[in-house]
Amino acid sequence: MDILNALVAFLNFVFIPAAAYGAQLALGALGVTLIYGILRFSNFAHGDTMAFGAAITIFATWALQAAGVSIYPLPTALLALPIGIAGTALMVLATDRLVYRYYRQKKSDPIILVMASVGVMFIMNGLTRVLIGVDEIRFDDGARFVIDVRSFREWSGLTEGLALRTTQLITLVVAVLVVGVLFWFLNRTRSGKAMRAYSDNEDLALLSGIDPEKVVRLTWIIAAALATIAGVLYGLDKAFKPFNYFQILLPIFAAAIVGGLGSPIGAIAGGFIVAFSEVAITYPWKKVAEYLGFDTGSAMLQLMSTEYKFAVSFVILIVVLLFRPTGLFRGKAY
Amino acid sequence: MKRLLLASAATALLAGAAGAEDVKLGLHLGFTGPLESMAPNMAAGAELAAKEVSDSGKLLDGSKVVTSRSDTTCTDAAAAVAAAERQVADGVKAMVGGQCSGETIATLEKVAIPNGVLMISPSATSPALTSIEDQGLFFRAAPSDARQGEVIADLAKAQGIESMAITYTNNDYGKGLADSIKSNFEKLGGKVTIIAAHDDGKADYSAEVAALAAAGGDALAVVGYVDQGGSGVTQGALDTGAFTKFIFPDGMINATLPDRFGASIDGMLGINPAAEGDGRTKFEELTKAQGFDGSSAYAAESYDAAALILLAMQAAKSTDPAAVKEKVMEVANAPGEQILPGELAKGLELLAAGQDIDYVGASSVEFVEPGESAGSFRETTIKDGKLEVVGYH
């Protein structure tokens with residue numbers, strides 16, 4: 001029986017990676033859910049907006065690095081984030097002006113806006129690749145680890161090692177900060193209340209003197225900020241590659257739908273549910289069980305092989321849609 | 001009616017004539033998708049061969065080679081087939097491609113065989129392509145992974161590795177090679193603790209790393225792509241301290257690997273199909289002059305695939321794939337005068353004079369039945385963060 005080793009193995013391979021990944025998904029899902037709640041359509045271009053935001057931030061990071069600016073042990077990219085957000089906000093506002101506004105004024109069905117967003121996705125996809133290329137870019141110049149395996153083993157004397165990357169810690173801290181600020185904004189400020197009013201009932205909001213175009217602009221700017229932050233954190237933690245942002249769209253939507261589209265709390269819960277179920281259900285519990293004194297023989301104690309990890313998110317998705325179609329936190333349905 | 005008859009007669013005449021026509025060569029590679037960073041250098045390699053032949057003016061009495069690129073996406077077989085159909089509709093009779101095994105099989109079965117189009121793939125290595133019914137229309141300038149698995153198992157055992165965990169990219173290439181490593185390693189008395197797939201381009205690999213770490217082993221064999229999940233899994237394994245010794249097959253070996261991981265994977269065992277010799281050195285000089293990286297994975301094989309198609313056309317004195325396919329093996333193998341990169345004009349001349357050639361090319365081409373590279377493999381390792389060549393097998 002060795003509870004400490006079991007705990008460390010669990011933290012190292014399940015808890016820490018899943019928590020960081022969950023935070024990245026949650027930030028992405030927040031953006032998706034905000035657009036859905038207020039502008040009333042599923043924005044498929046969100047993944048590529050994340051890539052675009054990260055790309056702008058990388059350019060700004062390179063400029064800062066060239067100027068000799070550094071905030072070691074934190075990555076320089078955090079400093080470049082506002083520039084990335086500003087660039088992305090301009091980009092999405094321009095997209096709204098060129099594409100979405102037309103359909104909004106025509107009061108088109110949500111499905112038409114969704115299809116338009118697929119078009120925007122492909123254009124953004126191409127634009128990002130033209131700007132920065134298809135290759136993988138690593139722009140994390142901070143310290144790599146807060147705790148690394150070797151020094152943890154030496155310090156604790158345990159057989160199992162524990163690693164906590166700086167980027168994982170930053171992801172979690174920034175996610176908490178962003179979520180806090182977003183909720184304060186939505187619940188306490190005038191603009192936030194206007195946004196929620198618009199989301200609840202467009203016509204009533206208009207009657208009470210809320211300028212819809214202003215709400216739309218604000219929504220896009222916040223969505224751009226969320227997308228850029230999510231994109232940069234993800235890029236810092238893994239590596240920046242445009243193709244990956246296209247792929248992350250799927251778990252992000254799974255997270256947003258599980259939590260309930262249109263519900264900010266749901267998006268956060270959904271992100272962590274998807275991440276933890278992917279990692280925990282496919283984890284072979286053999287080692288942990290053995291440390292706890294159980295004899296497992298040759299069994300791996302793995303519920304499901306890792307290639308089915310995406311099936312896990314989808315099963316949760318289907319179960320939620322069957323029994324609670326508006327999501328765990330009662331989102332909206334248009 | 002008269003006009004129609006005239007038109008068809010003219011078409012028939014054009015199609016049959018081996019005079020100075022434009023030879024259309026399709027470059028059917030994965031320009032987008034998981035290997036999009038390799039494809040441009042591969043296409044540039046093939047285009048270099050085409051240009052060399054065009055400039056010489058010696059192909060079939062002065063024919064020019066016109067290349068056209070099409071995107072296989074590497075992963076989406078339907079997209080690859082549609083793109084290949086467009087190439088055929090445009091009059092392409094031979095293609096360099098596909099790039100990945102699954103997509104190559106689809107293109108071969110659905111487009112190349114029904115239309116009688118010749119395909120030489122620079123990089124599809126799945127063992128399944130050895131036994132496929134190809135009607136003699138398919139060749140590859142890369143060896144089968146069945147052989148690579150054998151080499152990897154031998155070398156791992158020789159380094160004292162008794163047990164290993166294997167992770168593979170979830171496609172025809174990954175599965176074929178991983179199975180080959182496993183069966184060969186077990187034949188030598190080694191133990192494979194787990195053989196688990198990972199999907200490329202996924203957002204996160206924590207689950208895969210956790211499973212591999214729980215199974216354990218002396219080393220981790222990463223049968224994946226360096227631009228893709230392969231690196232993701234390796235990074236995860238390093239960060240969590242799950243493995244310190246790595247085995248990397250061909251999909252992982254290129255200049256990106258030491259750049260990404262540096263000294264943290266010191267002592268790794270790397271294997272990729274490559275031959276030493278004058279051909280490779282000469283090819284890399286040529287590519288440097290053209291401004292692209294010839295040492296990039298499969299760029300040399302792409303040059304060779306294009307060169308083989310064009311030389312075989314010259315040997316057959318026709319662009320008709322049915323005649324050309326009979327000449328590929330002859331041109332690729334001894335006997336005859338050896339032809340290196342940059343000497344394609346000489347090869348064309350010799351063939352026009354009815355003499356035999358033995359195309360060596362950039363990757364020391366040597367074909368075995370049923371039309372694939374025999375396979376010379378390069379063993380590499382990383383020492384102090386630098387990629388070093390250990391030897392050839």
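Analyst: Let's start with a definition: two residues are in contact if their C-beta atoms, placed from the backbone, lie within 7 Å. This is a predicted model, in which local features need pLDDT of at least 70 and side-chain atom pairs count only at pLDDT 80 or more, while totals for chains, interfaces and linings use all residues. Residues are numbered from 1 along each chain as its sequence is written, and chains are lettered from A and ligands numbered from 1 in the order in which they are written.

User: What share of the contacts in chain B between residues at least 6 apart in sequence join residues at least 24 apart?

Analyst: That share is 71%.

User: How do you know whether chain B agrees with a compact globule?

Analyst: Compare two values of the radius of gyration, which is taken over C-alpha atoms; the globule rule is 2.2 Å times the number of residues to the power 0.38. For 393 residues a compact globule would come out near 21 Å, and chain B has 22 Å, so the two agree. The C-alpha trace of chain B spans about 75 × 45 × 40 Å along its principal axes.

User: Why is strand 8 of chain B called largely enclosed?

Analyst: A residue is buried if 20 or more other C-beta atoms lie within 10 Å of its own, exposed if 12 or fewer, and partly exposed in between, with C-beta atoms placed from the backbone. Strands (E, at least two residues) and helices (H or I, at least four) are DSSP runs, numbered from the N terminus. In strand 8 (residues 219-223) of chain B, 5 of the 5 residues are buried, so the rest of the structure largely encloses this strand.

User: Which residues cover each face of strand 8 of chain B?

Analyst: In a regular strand the side chains alternate between the two faces of the sheet. Here B:Ala219, B:Ala221 and B:Val223 lie on one side, B:Leu220 and B:Val222 on the other, and all are buried.

User: What makes strand 8 of chain B a paired strand, and in which sense does it pair with strand 6 of chain B?

Analyst: Two strands pair if DSSP finds at least two bridges between them. Strand 6 (residues 163-169) and strand 8 of chain B have 5 bridges, in the parallel sense.
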